[in-house]
Amino acid sequence: MSTFWSIWITVITLFVIAACFFLLRAVSKNYTGVEEGKSMGHSFDGIEELNNPLPKWWSYMFYISIVFALIYLALYPGLGNYKGLLGWTSSNQSIGRENGIKADSEAAIVSAKDEGRWVQYDQEVMRADEKYGPIFKAYADTPLDKLVNNEEALKVGGRLFLHNCSQCHGSDARGGKGFPNLTDGDWLYGGELATIKTTIMNGRHGMMPPKGGLPIEDSEIEGLAEYIVKLSGRDHDETLAAQGQGSFMKGCFACHGMDGTGNKMMGAPDLTNNMWLYGGSRGVIQETIKNGRSGVMPAWKNVLGEEKVHVITAYVYSLSNK
């Protein structure tokens with residue numbers, strides 16, 4: 001960080017803390033010229049403002065918070081380039097650069113310890129790897145078809161899922177609009193163990209262009225949506241659906257198949273099973289056709305590593321197969 005930005009951050013941080021102190025002092029006293037408990041002359045919606053200072057316990061709580069903030073900023077980084085009295089850092093990146101050591105190496109941590117500087121996060125990661133590494137290694141060496149029967153492994157996979165996957169798929173893995181339900185056995189790219197692992201490792205990018213990238217007019221969208229409703233086995237307008245079938249044959253079948261059962265190689269949804277990623281009402285189907293859809297599942301191989309992905313795969317598979 002440049003000297004300018006370091007000073008800028010330091011000044012603003014200390015100014016805000018000082019402003020909180022003086023504001024607290026101001027509101028902790030009775031208003032001059034008005035007796036305590038008497039009206040300040042302001043009222044709104046039947047509520048009248050009285051001249052009462054903040055409760056002492058509340059004021060003391062804020063004073064303690066200010067003192068804690070100053071002590072914290074003295075001991076730990078927080079004021080620009082100031083490293084803190086303890087020299088703590090959450091990463092060995094800067095220490096590695098300073099000493100000409102590979103930033104992600106154990107040598108950088110050793111160098112930091114020799115200098116009396118803390119690299120707490122990296123030390124915790126190393127301790128965790130030492131403790132749990134052999135466990136994940138054993139899971140990774142177990143074939144997936146056997147790992148799905150290991151209850152302890154599935155519990156670990158469930159915890160990893162909650163920490164990393166539930167933000168999109170939900171804590172119960174039932175997904176939401178635009179995020180697949182992992183419990184219903186319906187898979188865009190396939191639900192085999194190897195395919196699920198590939199999906200988690202490398203991610204997926206599903207794309208349906210507006211109107212499928214086909215010469216479909218806006219006037220055809222209602223009929224096309226009605227034909228898709230028919231494919232899903234619901235009550236429909238036969239005349240309108242027949243018109244929509246002609247639009248479907250302009251090229252929708254290239255991805256979804258002549259019979260509308262989809263294509264897992266492309267991640268094209270099955271339109272016949274009445275399961276919908278974005279919703280199956282006529283209005284939503286028309287919206288999907290007109291505007292298209294784009295969904296991204298990020299790759300996790302560089303975030304979690306293959307060993308943890310291996311365990312999550314077994315857990316995800318178990319959700320719809322047990």
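Modeller: Trp58 is partly exposed, at a relative accessible area of 35%, and Phe62 is also partly exposed, at 37%. On this scale buried means under 20% relative accessible area, exposed over 50%, and partly exposed in between, with a 1.4 Å probe and protein chains only. This is a predicted model, where local features need pLDDT of at least 70 and side-chain atom pairs count only at pLDDT 80 or more, while totals for chains, interfaces and linings use all residues. Residues are numbered from 1 along each chain as its sequence is written, and side-chain values use heavy atoms, with hydrogens and water left out.

Trp58 and Phe62 make a stacked aromatic pair, with 6.3 Å between centres and 25° between planes. Rings of Phe, Tyr and Trp (its six-membered ring) pair if their centres lie within 6.5 Å; planes under 30 degrees apart are stacked, over 60 edge-to-face, and the rest tilted. The two residues are four apart in helix α2 (residues 56-75), which means about one helical turn separates them. An α-helix has 3.6 residues a turn, so residues three or four places apart point the same way. Helices (H or I, at least four residues) and strands (E, at least two) are DSSP runs numbered from the N terminus.

The structure has twelve aromatic pairs. Elsewhere, Phe4, Trp5 and Trp8 make up one aromatic cluster. Two rings have a charge over them: the charged end of Arg204 sits over the ring of Tyr189, 4.3 Å from its centre, and that of Arg293 sits over the ring of Tyr278, 4.3 Å from its centre. The criterion is NZ of Lys or CZ of Arg within 6 Å of the ring centre and within 35 degrees of the ring normal.

Helix α10 (residues 221-231) is mostly covered, with nine of its eleven residues buried. Among them are Ile221, Leu224, Glu226 and Tyr227. The buried residues of α10 pack against α11 (238-248) and α13 (282-291), where contact means heavy atoms within 4.5 Å. Gly233 follows α10 and has a positive phi near 85°.

Two residues other than glycine also have positive phi. Asp45, with phi near 55°, lies in the loop between β1 (39-44) and β2 (47-50) and is exposed, at 69% relative accessible area. Ala173, with phi of about 65°, lies in the loop between α8 (166-169) and α9 (193-202) and is buried, at 1% relative accessibility.

The second largest pocket holds about 500 Å³ of space. Of the 17 residues lining this pocket, Ala128, Asp129, Tyr132, Phe136 and Lys308 lie nearest its centre. Helix α5 gives the most to the lining, with eight residues; α5 (120-140), α7 (151-164) and α14 (306-321) each supply at least two. A pocket is an open set of points on a 1 Å grid over the protein atoms alone where a 1.4 Å probe fits, with protein on both sides within 12 Å along at least five of seven lines; lining residues have an atom within 4 Å of a point. Its volume is the space filled by probe spheres set on the points, which are joined across faces, edges and corners.

For the whole protein, there are 14 helices and four strands, and buried residues make up 31% of the 322 residues.
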